[in-house]
Every structure is written in structure tokens, then in C-alpha cells.
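Here is a short briefing on a two-chain structure. Take a look at the model first, then read the points below.

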Amino acid sequence: MRRAVVFVGIVALAWAAWDTGADPVRLARGVPWVLDFIRRMIPPDLRVLPSALAGAVTTVEIALLGTAVAAVAALPLGFVSARNVAPAPLFYPARAVLNFFRSVDTLVYALVFVAAVGLGPFPGVLAVVAYTTTSLAKLYGEAIEGIDPGPVDAITATGATRVQVLRFGVLPQVLPLFLSYILYRLETNIRAATVLGFVGAGGIGFYLQTYLRMIDYAAASTVLLVTVAMVMIVDGVSSRLRDRLV
Amino acid sequence: MIEVQGLRVVLPGATTAVDGVDLTVRQGEFVVILGRSGAGKTTFLRAINRLVEPTEGTVRVAGRAVTGAAPAELREMRRRIGMVFQQFNLVRRASVLENVLAGRLGYVPALPSLVGRFPQADRALAMECLAQVGLARMAERRADTLSGGEQQRVAIARALAQSPAVILADEPTASLDPQLTGSIMDILRRINVERGLTLVVSQHQLETALAYATRIVGFRRGRVAFDGPPSALSPAVVHAIYGDGAPA
């Protein structure tokens, strides 16, 4: 059995290497071009710094706003997708819908929303909301499934309504987890939002793509450096906040 | 006060936890349910307020049928049935006062309660209940910073805040150090005597049951094996309740 799995795995990988044209010689031949690319990026052209910074601000805005809206929108979905609190007729359809929409990436949503509402940061926000809502809902649901049922019993026994039970028996148990998931999503959304500009959905990605197309590598490298700094700052702030939660 | 007839509870997995129990508890009684673990004590108590759905039989509390009640009606009846759990079941991250206020959830306006707003009268009542268990000065502390014995007293205050007619207590001292058993049972007795509240408390400790009960009901394999005053509990009866295992 194990041998068969290993054999199938090796065959699959070999076939994939052949089918994608993976070739170490080709890679080696490309090295000079990579070096040339890097050489042309140095020194970065700091004249484009203002527009790179403006793009970075937009990207952070897209991620922040999108994550915030999704964090709230995911709440009801999270509760109906938790086996231990949702009635079965709600739970199964909710899980199916979430799994379906979650398999579509932010960038694909961005293409759809750019077509729907036009170019700019707004379709980017919508794309972040669409993906993050379903992915947070899944995380929320799993957090709810892991709670201690004791307080839920106790609140139920007081004669509380179902919504009161969720608010007093469930929410206090999962809130720190929820906040930590939201921050984690914010970090990944910053990264996802950097490429949204490639498809016209606003932010720093627009500048990166523009300068690359213009073969202005010195300008592109400034944008790249700003992107790296932005991601590192957001990650740093976010992970510090998360440490406080746990 | 509590009338149980022909109660059977089959749990998921086809275990019959309660197998045909008839029991009538009168107003003001302090009933201790005795039995080994697995005898059906917990399931019996949880079937009274329908935390566990009875498979067969009827339960009436204060003259009204709990079994068959519609959801809204059931919630209204649950307000009058306080419950104390072996694991306290407090909301650990909430304050002591917030935990006691939870006992008022069935009475207060629903929407304000969801944002944590409770009428002044309910806050006052919650503080009064905390004072009764001797923890008024701990009101603002987070529940999980209290000791086990204190947490159980908060849980009793929460049940009292419901203005209940009945309190069900499921092994309220089993998770505590033995020397705390008396303090918790004393509080329950005081509630019983001073307020005339009906108490049904499950216990696996024979000595504790004898010291506090006005009536003892012995459970064995989901059935009532003994029902009478503590004085009638002979060694033969104890043997019948506990079987071959020694009383723990």
C-alpha cells in the first residue's frame, strides 16, 4: 500500500515536471537575466516614492476596510456553520455555501468586481470582503465548535432565549479567538491586496505593474521596497496585538 | 412542586440513563439523590428542565407541564428552576456580577440585555444574591480568578437571581476539596430553610446526604431503589443503592 502511494507520487511529480517544461538548464540560462534585472533595479528611483506611498496607503485601506466589514458579516455565518449551536437544517447548507465561496481567491473576486463596479480601490475592498467573510466564517464556526458546553447549559437553564445564550454563553468564550483570527486575516489581506492593483482593483500593485510594464525597474524597485516595509509594519503591529489577546 | 411520572431518558448511543422514574417532590423539601456515578442522577436532573429531552413520561414543575411545552413556555418555566452544576459552568472571562446577572436573562428586556444593559432593579437583586453567598466584595472580579469554592457560590447566586421556586444541584461539591463540601451544602441548606425553596441535590457521598437531606432518593441503574427519610437508610438499603461497590 505504502509503496504504491510512493510510486504513484513519483510518477505524478515526474509527469508534472515534464508537462510544465521544468528544466534546470533553462533555469541556469536564465540566471544572467535575473542578475541583469536586479542590477537595473539598483539604485531605486526615489522620485516615485510619493506615488508608491500613496499606493501603499490605499492598499492598507483596502485591507483594513475589507477585513473590518468581513469580520462583522462573518458573525452570523459563523454561528450557523457551527454544528453545536446551529440547527441541522441551517448547518449543512451553510457549510456547503461557505466551502464553495471559500475556494475562490481574492484576486478572482477582484476580476469579477472590477467588471461589475469599474476600476479603483472599491472593487478591491469588495473582493477582500467576499473572500474574508467566508474564510472568517469558517474559522469562527470551528472556534464555536470547540467551546466548553457547560456555560451554554447554564445560560440555557436560566430561561434565556437562543440569542441570549449565544451572547452570554458562547460569545465570551470565542471572542479572543475571533479577534486573533481577524488580525491574522488582516495580515494576509495586506499581502493579497498588494496584487489587487494588477487587475485594476487599486492600491500599490497598480504602480508595481505599471513600472514593470514601462521597463522602469528602478521605479519598480522603490515600489517593491515600500511594499515590503508596509507588510512588515502591519505584521509587526498585528502580531503584537495578537500576543496580548492570548 | 416537582411531579415526575414514568420518566425514561434514552441518550444518544441508545443508553437508557433513566428507566421509568416516578417521583413527587413537595414544596420545601431538601431531597438528596444518591447513587453511584452512572446511576442516572445527572440525566434525571437535566430532564427536569429539559436540558436533556425526555424520551417518555411527564415532568411538571409548580403545577405546569415542562414536557411538551412550546419553546417560549419552556423558557418561562426554566426561569423558576435554578440549576447548579458540578463544574460551576460560569462564563470564565466575565465578571462575577455579570455571571449572576445572567440569572436575570429570562426576565429582563431582551435587546438591551444583548449589549449588556440590565435594569437597575435587576442589578440590585444580583448584588443581593451575591451578598447571600458572601461574595458581594468580589462583584467586579473576573470569574476565573476565584477559587473553586467561590466559583460554585457565584453559581448558586446566579441560580438565586432567577427567583426560582426550585433549585436543582448536580453534584455541586464533587469538583471541590472535601473540606469545602460543608460550606456549599450549608449555603444550600440555608436557602432551603430561609426561603422555603425546594432543593433537589445529587450526591455520591453518603455522609453528606445523611447530614443535609430531609429525604433521600436512591438511584440505581436509572431507577429509584430507595425513597425515604435519612433515618430509614439501613445498611441493606445502602447496599441496594450502591450494589457491590462500596459507597464512595
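Two strands pair if DSSP finds at least two bridges between them. Strand 6 and strand 7 (residues 166–170) of chain B pass that test: they pair in the parallel sense over 4 bridges. Keep in mind that this is a predicted model.

- Strand 6 of chain B covers residues 81–84.
- B:Ile81 and B:Met83 point one way from this strand. B:Gly82 and B:Val84 point the other way.
- All of these residues are buried.
- In a regular strand, side chains alternate between the two faces of the sheet.
- B:Val84 has B:Ala169 of strand 7 as its bridge partner.

**The antiparallel sheet in chain B**
- An open sheet is built from 4 strands of chain B, in the order 2-1-4-5, with antiparallel pairing.
- Strand 2 (15–25) and strand 5 (64–65) of chain B are the edge strands. Each has a single partner strand, so one side of each lacks a neighbour in the sheet.
- Strand 1 (residues 2–11) of chain B runs antiparallel to strand 2 of chain B, joined by 8 bridges.
- Within strand 2 of chain B, B:Val18 is the residue opposite B:Val9.

**Where the chains meet**
- On the chain A side, 17 residues are in contact with 22 residues of chain B.
- Helix 7 (149–157) and helix 8 (162–194) of chain A each supply at least two residues of that side.
- Helix 7 of chain A gives the largest share, 7 residues.
- By type, the chain A side divides into 8 nonpolar, 7 polar and 2 charged residues.

**The nonpolar core**
- The largest nonpolar core has 140 residues.
- Which residues have the most contacts inside it? They are A:Ala127, A:Val128, A:Val223, B:Val100 and B:Ala157.
- Helix 8 of chain A gives the most to this core, 13 residues.
- A:Val223 is in contact with A:Val48, A:Ala52, A:Ile204, A:Tyr207, A:Leu208 and A:Tyr211, leaving aside its neighbours within four places in sequence.

Methods:
Residues numbered from 1 in each chain as written. Chains lettered and ligands numbered in written order. Predicted model: local features only at pLDDT ≥ 70, side-chain atom pairs only at ≥ 80, totals over all residues. Buried ≥ 20, exposed ≤ 12 C-beta atoms within 10 Å, placed from the backbone. Contact = placed C-beta atoms within 7 Å. Nonpolar A, V, L, I, M, F, W, Y, C, P; charged D, E, K, R; others polar. Core = buried A, V, L, I, M, F, W, Y, C linked by C-beta atoms within 7 Å.
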